[in-house]
Each structure stands twice: as C-alpha cells, then as structure tokens.
Amino acid sequence: MNEHSQQTPPTKRVDQDLERAQPELEKGDPEAPSKLVQWEGPNDTENPKNWKTSKKWMAVITVSCFTFISPASSSMVAPALSTMAKEFHVSNEIESQLMLSVFVLAYAVGPLFLGPFSEIYGRVPVLQLANLWYLVFNVVGGVAKSKGQMIAFRFLAGLGGSAPLAIGGGVLSDLFVPEERGRAIAIYSLAPLLGPAIGPIAGGFITENTSWSWTFYATSIADGVIQLFGLFFLRETYTPVLLKRKAKRLRKETGDPGYQTESEMSNNQTILQVLSVSLVRPFKLLTTQPIVQFIAIYMAYVYGVMYLVMSTFPTLWTESYHESIGIGSLNYIALGLGYWGGSQICAMLNDRIYRRLKQKTGKGRPEFRIPLLGVAAVFTPIGLFIYGWTAQAHTHWIGPDIGACIFSLGIITAYQCMQTYLVDAYTRYAASALAAAACLRSLAGFGFPLFAPYMYQALDYGWGNSLLAFVSIALGVPAPLLLWIYGERLRKMSTYAAG
C-alpha cells in the first residue's frame, strides 16, 4: 500500500474506487482481464441501458405507480381530518394537522437508509419489502382507536412509503442515458405530486359516504394490486448488483473463484463496513455538496408550500365557500390539471432543450436542465398571488382554482428540473443524492401545514399567500442563474459527481 492510500480515509477511498469503476461497468473494456466480470461491450443486452424500450418503460410505470400510491395515501385523509378529530376528541389544530403531516415526516427518515440499501442489495428487493411494510401499517391505521395510535401508524406507514421516492430516481438513472432521461423523470416526478392532488378527491367522497377508515382500506387495496404488478414486471436495474450476480453465476458454472467484478476486486471490506459507508453517504452529500444543499433547500420550500396549500384546501371550500366535503374535494382537480399539464410540457421540452444544447456545444451537461427552472420560478408566485387574493375576496370558485392550477404547474416544472439535474449530476449515487434532498424536502412538507392555520388567521389568504410568493421569488429567481453559472465548477470539485 502506497503513502497516498494510507492517507486517504476508507470511506472516501471506497467511493472513489466505485466512481472509477463506473465507466468500465457501463461500457465494457475489450482489453480487460478475462476474469474481470463486466458488460460484454457497449451493446450488451444484459445492461439495463440496452434493454428493450418496452421493458424499460414497464419498469418506469411500475416504479411510478409505487411513487403515486404513497403520496396519495399521505393526503387522502385531509378531507377526513375534521371527522377524525371529533372521533378522537382532538381540539388542538396542530394535533389535527399532525395526523395528516406525520406521514410526510417519515419521508425525511426513510430515504436516508433505504436509498443507500438499494445501492448495496439492489433496487427491487428494497422497494418491494419497504412497500410491504407500508401496506401492513396503512391497513392498521384504518382501525386506530386514538390519536396516538393514528400518529404512530401513519409515521410507520410513511417509512415504508418513502422507498419509491428514494429509489425511483436511481432506477431511471440505471435505465436511461441523459438524452432519454427527461421524459422518464417527467412521469416519475408527476406521481408524487399528482398523488396528493387526486387522493383528497377520493378521500372526500369516501369520508362523506362511508367512513374515514375506508380512506386507508382503499389505498391498501390499490397498493396490493401494485405490489403484485411489481412482482411480475419490475426487474433489477442496478449495474453493480447485476454484475455481482453474473460473477456468482460464472463462479458456480466454472468452479473458478477468480471471476469477480471491479468493485469486488478493489474492495475487501466486510458487509458492515460497506453498510457504514453507504448509510453515511446521503449525509455527506448533504453536508459537503453545495449543489445538493442548494437544490435541497429550494425543493424543500416548494414541497412545503405544496403541502401547505393542499392541507388548507378543505377549510377554504367547506368554510368560506360552504361546499360539502365531497364537492369541495373536487377543487383538487385544479391542482391535478396543473401537475399533469406541467409534466407533459416539461417532458416534451426538457430532453429537446438538452439535445439542442448538447449538439451546439458538443458535450452534454446537467446544467442543460436549468432553462425550464426559470419558467417555474415565474409561474409559482403568480399562481400563489391569484389563489390568495381571489380566495380572500370570495370570487367565483374558478378564481382560486385558476391560481392553484398555475401554482401547481410551476411546482411540477421546478420539481422535474431539479430531480433530473441531481440524477444527471450524481448518476451512480443518484439514490443517495435524491435521499439527501428528500430529507429536507419532507421536513418542510411535514412542518409547513402545522403553521398554516395560524398564518391564515393572522394574514388571511391574500397576504398569507403573498408572503409565500415573495419567498418563492427570493429563492426561485437566483436558482437557475446560480446553477447555470457555477454548477459545472462545483461538480468538478466533487468526488461524487458523474465523471
């Protein structure tokens, strides 16, 4: 061992070894030693990037279904909060909101270990087992007898439900090259935003016509179908795990223990040492990578405002507009339309802008995802202004819905651009980078609804949403400029960033 390796911390050295191994793992090296197990050239059909298009998109759709059902479950109880509060004798507004948002608090914890686990054991086993955990505790939530049980079961269900949010981006990184990645991430990013918009619509009518317990049972039945679908159509996509399986098969077939992958040859650590490295990685990314820090903060604010608006929607329509729970929940369609429309527009333009800029410069860069982020920085505050002041003035219901639609269009566009940028910038460690961002994002999604009632009591809808819009401008306008100017420089300083 030379002097340099003796001075390099073990954690950093393992990550550097894995990063150096990535080009060989992806492309194959025709002159490599015969017993080094890797892809058989750049066109190896076992490489997930070379799978048939139908097989790739089946994986995208399956992961997106997992990613849809959990956030839908997080917000589906929103129209039932008043009913649940009466049954559990909850008079405190914060405790009532806690039964809703504690699910999202678990999103801040789960990805920090589920994302790294997927980079050790593979995407599929972690995703399926975590979803099974969510399914069990979501069913149990439907029979809760007290606010304490409800809060506990919601948090435990959220831990399992956070898996697709942590792992999905990694799956897309495994399957697609950058030029093809935008459309896939558009569908994947739509799921966690469309779920919270659609969930309350179903939850409103379920609560009005049956009981709040069926908001849990309905999502559990849907998730059970998705779990079965995943068993048949979701296949492992993580390159190091697939190559390890290939090496194990070759060792068994030939009886020669010399067949090993690049990571096996360069890493003689125990499984506990590997786990310690992988579990620490999201924290290292969040504390040492300015790109991850900046995107995580902006994404956290956007996500927090989204949950704040959704948590106060039922109150606006039932108390200010005197609509029933079921009819009031239909206004969530405005949010859903914005999410769906924004995702389709962003999907169409994101890859097109990337390819055009790459053709112009001769080299692809994650910063080519930034132009649409500037559009999002404009739409989000405009939507908040319209929503807030029309709600305060009690205009026709279409006024607040138009504002909510524009707001959600800006949210999904910003969300997709930032997700794609992180995946492009931290390809191999996409799951860890997304987990780091998800931690702050979910803390905001948990905390913002808790102060929403007090903010609106003090400022009403007009100035309350205007305050959110001004902060959105302060964060959103500099974001695309700073990433465009300094993004490449910061990536070159990183030992984790792609390349």
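**Patch, strand and helix**

Mentor: Keep in mind that this is a predicted model. Helix α17, residues 332-361, gives the most to the positive patch, with 3 residues.
Trainee: OK. Which residues form that positive surface patch?
Mentor: Four arginines are listed: Arg183, Arg352, Arg355 and Arg356.
Trainee: Take Arg356. Where does Arg356 lie?
Mentor: Arg356 sits in helix α17.
Trainee: And is Arg356 buried or exposed?
Mentor: Exposed. Its relative accessible area is 60%, and the cut-off for exposed is over 50%.
Trainee: New topic. What about Leu36, where is its place?
Mentor: Leu36 belongs to strand β1, which covers residues 36-37.
Trainee: Why do we call Leu36 buried?
Mentor: Because its relative accessible area is 12%, and buried means under 20%.
Trainee: How many residues apart along the chain are Leu36 and Gln260?
Mentor: They are 224 residues apart in sequence. Still, their C-alpha atoms are separated by 5.5 Å.
Trainee: Is Thr215 buried or exposed?
Mentor: Buried. The relative accessible area of Thr215 is 2%.
Trainee: So which residues does Thr215 touch, leaving out those up to four places away in sequence?
Mentor: Met76 and Val77, plus Gly203, Ile206 and Thr207.
Trainee: Let me say it back. Arg356 is exposed in the model. Leu36 is buried, and Thr215 is buried.
Mentor: That's it.

Methods:
Residues numbered from 1 in each chain as written. Predicted model: local features only at pLDDT ≥ 70, side-chain atom pairs only at ≥ 80, totals over all residues. Heavy atoms only, no water. Helix = DSSP H or I, 4+ residues; strand = E, 2+ residues; numbered from the N terminus. Buried < 20%, exposed > 50% of the residue type's maximum accessible area, 1.4 Å probe, protein only. Patch = residues over 30% accessible without salt bridge, like charges linked within 9 Å, V, L, I, M, F, W, Y side chains within 5 Å. Areas by Shrake-Rupley, 256 points an atom, 1.4 Å probe, with all protein chains shown as cover. Salt bridge = Lys/Arg side-chain N within 4 Å of Asp/Glu carboxyl O. Lys, Arg positive; Asp, Glu negative; His and termini not counted. Charge placed at Lys NZ, Arg CZ, Asp CG, Glu CD. Contact = heavy atoms within 4.5 Å.
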